Amino acid sequence: MSLQSTSSLESNLEGLAGVLEADLPNYKNKILRILCAVARLLPEKLTVYTTLVGLLNARNYNFGGEFVEAMIRQLKETLKNNLYNEAVYLVRFLSDLVNCHVIAAPSMVAMFENFVSVTQEEDVPQVRSDWFVYVVLSCLPWVGKELYEKKDVEMDRLLSQIEGYLKRRVKTHVPMLQVWTAEKPHPQEEYLDCLWAQIQKLKKDRWQERHILRPYIAFDSVLCEALQHNLPPFTPPGHMPDAQYPMPRVVFRMFDYTDAPEGPVMPGSHSVERFVIEENLHCIIKTHWRERKTCAAQLLSYPGKNKIPLNYHIVEVIFGELFQLPSPPHIDVMYTTLLIELCKLQPGSLPQVLAQATEMLYMRLDTMNTTCIDRLINWFSHHLSNFQFRWSWDDWSDCLTVDLEKPKPKFVKEVLEKSMRLSYHQRIVDIVPPTFSALIPAEPSFIFKYADESASSLPGYAVSITVGNAIKNRASNEEILTILKEVPNPNQEDDDDEGESFNPLKIDVFLQTLLHLAAKSFSHSFSALAKFHEILKTLTDSDEGKLHILKVVYEVWRNHPQMIAVLVDKMIRTQIVDCAAVANWLFSQDMAHEFTRLFIWEILHSTIRKMNKHVQKIQKELEEAKDKLEKQQHKRRDSGDDEDMDKNSEDEEGQLEEQIERLQEKVESAQSEQKNLFLVIFQRFIMLLTEHLVRCETGSVDISTPWYKNCIERLQQIFLMHHVTIQQYMGTLENLLFTAELDHHILAVYQQFCALQL
Amino acid sequence: MSAKLNALNSDSYIDVSQYRDQHFKGNRYEQEKLLKQSHTLYVGNLSFYTTEEQVHELFSKSGDVKRIIIGLDKIKKTACGFCFVEYYTRADAEHAMRFINGTRLDDRIIRTDWDAGFKEGRQYGRGKSGGQVRDEYRQDYDPARGGYGKLAQQHPAGESRNSF
């Protein structure tokens, strides 16, 4: 059903209402199901479908009643299943049905009153009452006028209750969710505060709302003849411990009316139009994110687009999602591809808005959250790679005049590094002005300690040549290990008889030589790791061994962080090193000078994710084994008295029980490893940060160095990116690590994190 | 109305294409079954100079890459413009079909398609000259794919017996 012009929309609606009415006797249930689904899944077309329901109700009162009942059932289901976003759309649909004379205004007000009464509940998470308040407020742009006309006293009381709640709400979580720490030029407002301000303004404007497309107005003469239904009294379901209410959020704003140079003016940040436009654009993305061409087309054909600077709204909403904390609603790469599609569809206007946005984001880097900067780096470099890396780098030459650790030059450096990964070194040299040479990444070449005769004085030199030849001649593992026995151990006076203890030089010689031979590509290096897996496992049997192997990988590949990352990944997956070793290595003194580089954090987060996936995998195996056992037991119970079957069944059950016991142990061991990983990481952060804070305090120096900002935001990032897993360990964290003795700067991060779930 | 509901769940970018591997060992049904469950993508229209590292960087944006196999000229054993990318999960491969297919790598629009799974031997081009079949017959000049198509190289336009 197209929305080309309002007049064709109206005739479509009328026609469709006629067809459906005729179909009602035979297809009533199907029609009910479809309309309910549309209400839940097409919120951006809300008013079109409420009008349709209105027309059907006018023709068939019973159908209207059944639809309302079906909607209430669906609402209960979605709330039970933690589908809070969809529940909002359902309630909004119901509220717009008031405008279509399907639902009586007083009964809608009663539902809202029940929702708001949740704010009186005690001992419930704040996010619970937040949600009920949000639902009511977010319906008011659509139905505020009508409800106020019919029940102004009740509505005033309602709003006053909401105001009281908003005043007592705890907002500790807000700093953790803000994209920028600066208040200027646009404050990053807490979402409920912003919506409240918008509704206040709407009320002041006497509920005059002109943006929402309301097809039902054209049908007023028909609709006002219809009989209305009363919503059944709706008690909000009680709080359940496993409820997952939506997390609080911050409203992302980067544009205002000064930014769109010509054409329609952008509605103000506290205007209800701004809320409705953003809501609708978010809904379109939610509906069509899987199909980028459709998504782009739907965004660009937003109804009422001629009255607003649509390109600016679209770009703002997309970046808002991309930078959302803890994480974007959809996978990052979707936004890159969507923006490319939009540029294709509007080549004369959208690229310019995007360039303007990029420029603004660059200018505000100093106060941008580190996690958001990461995403900006990844987006920008990937975007550029689709447009021949064309960019006016000279515009950013101001970044060359400051300390290279500051956010702006750091950003450019990381962008160039990522751009190089998608192209090649010379390309990067070619695309930037010569003045940018300090920011160009190193050529990603191998650094071989034992390369040539100039290294002949090094203790491992001779053996490296022998081992190298042995590898080239396809010597066996035993032969190679024998050769390696010749490597002196710098940690010991006499060589260990067995040669078994940790010998860093042995690891160094073998690994450097091997990786040098395999340096040609990722595949070559992976083959090398696989072929000599046994030797590597032997060499890295101890924790020190694991740490040292990581050290060597870094030494040889420090110009090629991408290679380091894939090798570390492979070594974890083939159990040459474990996750805790990687964490300890990244936080070690040897890596301190790289601590603020993006690749370090990509490795750490990838390591944590592997650990998490591993635990989930074994848990799933355990669940499956338990299910199998249950099925087996049922089968035996139902199979009767066959003795043979019984015996076989018992054997099988016995095997399954053994398997379950083994898996149970495996799960516990994996969970213990996972918990230990987080403890190691948090401990290291606390040590580093405390050291810095104490040093600054004793030296009376400002703590806010670029390093500190990076470090504290990386700590936040750990909490945000892995909040689901970390939730399990809150008790330990509070008792062991994040105690009251901690410096308040560090403790604040922990407290903000806790506030997200309250 | 039903059509509209189906449109709500539309996910056409992950659909299986019309292409079927003629060398596949098994019937059409088996091939389709594998394609629908596959974690492996065929990637086409690569430059001969595109490296495994570049492929890894791009395709990692949709999830963890398990393995990349660069397609090789059967005779020269050099890259001949295609590769396979295998993911650990189907979901990650689907994201690649939705968001990496049809975008640029090394300045070229690349194309991804479901693959029934890598088997030894499938890393080689099947064209007579050793490269991909498409490079046998194409008429255009593509400097990143060896210049003119093989046929056009052997029968340059000016000497073509079929031209007038």
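User: How many disulfides are there over all chains?

Analyst: Zero, going by the distance rule. Keep in mind that this is a predicted model.

User: Why is Cys100(A) called buried?

Analyst: The label goes to residues under 20% relative accessible area. Cys100(A) comes out at 0%, so it's buried.

User: And why does Cys579(A) get that label?

Analyst: Its relative accessible area is 5%, and the limit is under 20%, so Cys579(A) counts as buried too.

User: Over to the interface. What makes Arg427(A) and Asp107(B) a salt bridge?

Analyst: Their side chains come to 3.0 Å, N to O. The cut-off is within 4 Å, so the pair qualifies. The count between chain B and chain A is five salt bridges.

User: Which element gives the most to the side of chain B that touches chain A?

Analyst: Helix 3 of chain B, with six residues. That side of chain B divides into ten nonpolar, ten polar and twelve charged residues.

User: How much area do chain B and chain A bury between them?

Analyst: About 3,500 Å², with 53% of it on carbon and sulfur atoms. In residue terms, 32 from chain B are in contact with 43 from chain A.

Notes. Residues numbered from 1 in each chain as written. Chains lettered and ligands numbered in written order. Predicted model: local features only at pLDDT ≥ 70, side-chain atom pairs only at ≥ 80, totals over all residues. Heavy atoms only, no water. Contact = heavy atoms within 4.5 Å. Buried area = accessible area lost by both parts, 1.4 Å probe. Helix = DSSP H or I, 4+ residues; strand = E, 2+ residues; numbered from the N terminus. Nonpolar A, V, L, I, M, F, W, Y, C, P; charged D, E, K, R; others polar. Disulfide = S-S within 2.5 Å. Buried < 20%, exposed > 50% of the residue type's maximum accessible area, 1.4 Å probe, protein only.
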